[in-house]
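Visitor: I would like to go through this structure with you. Could we begin with the overall fold and then turn to the side chains?

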Amino acid sequence: MPKVYVTQEVPTANYHPAEKFGDVVFLCTTEVSGATASLHNVKLINSIRERLKLFNPVDDFIAPSGSPIISCIVMAIVREKGSKFTFLKWNNRDFAYTPIKVDLLGEDNVY
């Protein structure tokens, strides 16, 4: 079964609609530290990397949520697994996710 990797769990968000695309996996709940030599950041990135070990860019989804910095860290890690990804874009009007396929190396960036 596909998985939906949520970049950062936000307590007030409803992730139930994402479950129609697969099992939801939350990558983190905390924010990055602004400290240059932060051990928190090292631990956070290692934890995200560990949770993404089974990420399959062909079958799985990325649902950006929460901190844009966390989303960037997640993308830097999953980029190591390929250039094609499917994001779940949240629509506040319809209260639903829309799959968005992206090819980072493609001419039109969509596949």
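Visitor: In what order do the elements of the protein chain run from the N terminus on?

Guide: The order is β-β-α-β-α-β-β, which comes to two helices and five strands. Helices (H or I, at least four residues) and strands (E, at least two) are DSSP runs, numbered from the N terminus. Please note that this is a predicted model, in which local features need pLDDT of at least 70 and side-chain atom pairs count only at pLDDT 80 or more, while totals for chains, interfaces and linings use all residues. Residues are numbered from 1 along each chain as its sequence is written, and side-chain values use heavy atoms, with hydrogens and water left out.

Visitor: Now the charged side chains. How many salt bridges does a search of the whole structure find?

Guide: The search finds three, a salt bridge being a side-chain nitrogen of Lys or Arg within 4 Å of a carboxyl oxygen of Asp or Glu. In one of them, E80 pairs with R49, with the closest N and O atoms 2.9 Å apart. This pair links distant parts of the chain, 31 residues apart: E80 lies in the loop between helix 2 (68-78) and strand 4 (84-91), and R49 in helix 1 (residues 39-51).

Visitor: Is E80 buried or exposed?

Guide: E80 is exposed, at 58% relative accessible area, whereas R49 is partly exposed at 35%.

Visitor: Which residue does K53 bridge to?

Guide: K53 forms a salt bridge with E50, the closest N and O atoms being 3.2 Å apart. K53 counts as exposed at 54%, and E50 as partly exposed at 48%. A further bridge joins D94 and R93, at 3.7 Å from N to O. Here D94 is partly exposed at 49%, while R93 is exposed at 67%.

Visitor: Changing topic, how many aromatic pairs does the structure hold?

Guide: It holds six. Rings of Phe, Tyr and Trp (its six-membered ring) pair if their centres lie within 6.5 Å; planes under 30 degrees apart count as stacked, over 60 as edge-to-face and the rest as tilted. Among the pairs is F55 with F85, whose ring centres are 6.2 Å apart and whose planes lie at 25°, so the pair is stacked. F55 sits in the loop between helix 1 and strand 3 (61-63) and F85 in strand 4, 30 residues apart, so the definition of these elements by DSSP runs applies here too.

Visitor: Which residues form one aromatic cluster?

Guide: The cluster consists of Y5, F55 and F85.

Methods
Buried < 20%, exposed > 50% of the residue type's maximum accessible area, 1.4 Å probe, protein only.
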